Amino acid sequence: MFKRLIVGFIGIVVMMLVVAIGLDRWMSWKTKDYIYDEVQALPHRQVGVVLGTAKYYRTGVPNQYYLYRIQGAINAYNSGKVKYLLLSGDNALQSYNEPMTMRRDLMAAGIPASDIVLDYAGFRTLDSIVRTRKVFDTNDFIIITQRFHCERALYIALHMGIQAQCFAVPSPKDILTVRVREIFARLGALTDLYILKREPRFLGPLIPIPAVHHIPDDAQGYPAVTPEQLLVLQQRLADEKKAAIAKAAQLKAAAEQAVADKAAADEAARVKAEQDASAAEANDTEDTSPPPVPVPIEPGRNPFSQSRPFTH
């Protein structure tokens with residue numbers, strides 16, 4: 001019986017892996033006609049969307065995925081394939097700002113600030129793709145990222161009815177771990193699209209590209225999320241974090257109080273048991289003690305009178 005359970009469990013795991021790999025391959029096949037490996041083959045589009053990632057690993061080593069994406073964006077812009085670069089990334093923390101980091105590096109490469117658009121709310125690939133359509137009013141654009149990421153981003157775009165192509169920039173040689181992780185990321189994307197039907201975490205006002213107003217060279221771009229809205233979003237996230245911390249503290253205090261109450265109840269029960277045992281022992285002692293011996297009384301003598309010596 002135990003052996004059958006093990007075999008059944010292994011069979012289920014193998015079947016799930018086969019399904020996951022099959023869906024991974026199907027997504028790659030579905031999007032292969034929209035991916036370009038050479039910048040010369042890219043169609044001309046107004047907007048190129050650079051999907052953000054960290055510039056450095058936690059160890060401080062430069063992230064090759066980031067460097068390849070930045071170079072791909074520079075090549076696409078300098079070759080005239082795109083007129084504007086939309087930098088979409090995570091800006092959930094003040095100390096971590098993917099769009100601004102990309103903007104600084106692109107401007108250092110000679111790309112003018114007026115041709116760079118910042119999307120501070122590209123928390124996920126789905127957010128970046130859908131926001132490009134719904135916030136920046138761009139329905140046909142070029143995505144710039146690695147091939148495996150291109151396939152997931154393009155599949156999201158196709159599902160949402162968005163026209164897009166992808167410029168697949170090179171990947172580092174050691175990609176096995178990232179590629180395995182991508183299989184699960186694609187399963188998550190399919191879950192978001194077909195089961196949860198998720199929308200971007202934050203949209204904001206409609207800001208078409210190009211903007212109708214002039215952007216000075218020293219400006220920080222024209223984000224879809226205004227500074228006021230970003231502060232509101234950050235405050236909401238901070239409030240949610242405080243509420244979660246307070247709830248955790250309450251649960252911890254309740255648990256500690258429950259432990260203290262139980263300990264007090266156990267101690268009270270122990271003391272009562274000791275008292276009951278002492279009382280029972282005292283009762284047993286009283287029952288078994290011998291009765292008092294009566295003192296003999298002489299006839300005619302008052303036992304309550306005191307004897308006095310006879311005197312003349």
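## Helix packing in the predicted model

In helix 1, residues W26, M27, S28, K30 and T31 are in contact (heavy atoms within 4.5 Å) with E151, R152, L154, Y155 and L158 in helix 5. The model is predicted: local features require pLDDT of at least 70 and side-chain atom pairs count only at pLDDT 80 or more, whereas totals for chains, interfaces and linings use all residues. Residues are numbered from 1 along each chain as its sequence is written, and side-chain values use heavy atoms, with hydrogens and water left out.

**Overall architecture**

The protein chain holds seven helices and six strands, taken as DSSP runs numbered from the N terminus (helices: H or I, at least four residues; strands: E, at least two). Read from the N terminus, the order of elements is α-β-β-α-β-α-β-α-β-α-β-α-α. The chain has 312 residues, of which 36% count as buried; buried denotes under 20% relative accessible area, exposed over 50%, and partly exposed the range in between (1.4 Å probe, protein chains only). Its accessible surface comes to about 19700 Å², and carbon and sulfur atoms account for 61% of that area. These areas derive from the Shrake-Rupley method with a 1.4 Å probe, and for residues only the protein chains shown count as cover. Where contacts join residues at least 6 apart in sequence, 73% of them link residues at least 24 apart.

**Helix pairs**

Two packed helices are described by the angle between their axes and the distance between the axes. Axes are lines fitted to C-alpha atoms, for helices over the stretch in contact, and angles run from 0 to 180 degrees between N-to-C directions.

| Helix pair | Angle | Axis distance |
|---|---|---|
| Helix 1 and helix 5 | about 70° | 9 Å |
| Helix 1 and helix 6 | about 85° | 10 Å |
| Helix 5 and helix 6 | roughly 5° | within 10 Å |

Residue classes are nonpolar (Ala, Val, Leu, Ile, Met, Phe, Trp, Tyr, Cys and Pro), charged (Asp, Glu, Lys and Arg) and polar (the others, Gly among them).

At about 70° between the axes of helix 1 and helix 5, the two helices are roughly perpendicular. Five nonpolar, two polar and three charged residues make up this contact.

Helix 1 (residues 2–31) and helix 6 (residues 176–196) cross at about 85°, which makes them roughly perpendicular. On the helix 1 side the contact consists of A20, L23, D24, R25, M27 and S28, and on the helix 6 side of R179, I183, R186, L187 and L190. By class these are six nonpolar, one polar and four charged residues.

Helix 5 and helix 6 cross at roughly 5° and are therefore roughly parallel to each other. From helix 5 the contact draws on F148, E151, R152, Y155, I156 and H159; from helix 6, on V178, R179, E182, A185, R186, A189, L190, L193 and Y194. Nine of these residues are nonpolar, one is polar and five are charged.

E182 of helix 6 is buried at 3% relative accessibility. Apart from residues up to four places away in sequence, E182 touches F148 and R152.

**Aromatic pairs**

The structure contains two aromatic pairs. Rings of Phe, Tyr and Trp (its six-membered ring) pair if their centres lie within 6.5 Å; planes under 30 degrees apart are stacked, over 60 edge-to-face, and the rest tilted. W26 and Y155 have ring centres 5.4 Å apart and planes at 65°, so the pair is edge-to-face. This pair connects helix 1 to helix 5 (residues 147–159) across 129 residues. W26 is partly exposed at 35% relative accessible area, whereas Y155 is buried at 4%. The pair of Y65 and F148 is also edge-to-face, with 6.2 Å between centres and 85° between planes. Y65 in helix 2 (residues 64–78) and F148 in helix 5 are 83 residues apart, and both Y65 and F148 are buried.

Helix 4 (residues 125–134) has eight of its 10 residues buried, so it is largely enclosed by the rest of the structure. The buried residues are T125, L126, D127, S128, I129, V130, R131 and T132. Their cover includes strand 2 (47–51), strand 3 (84–88), strand 4 (116–119), strand 5 (140–146), helix 5 and helix 6.

F123 lies in the loop between strand 4 and helix 4 and counts as buried at 19% relative accessibility. Its C-alpha atom is 7.6 Å from that of N91, although F123 and N91 are 32 residues apart along the chain.

Notes: Angles under 35 degrees count as roughly parallel, over 145 as roughly antiparallel, 65 to 115 as roughly perpendicular and the rest as oblique.
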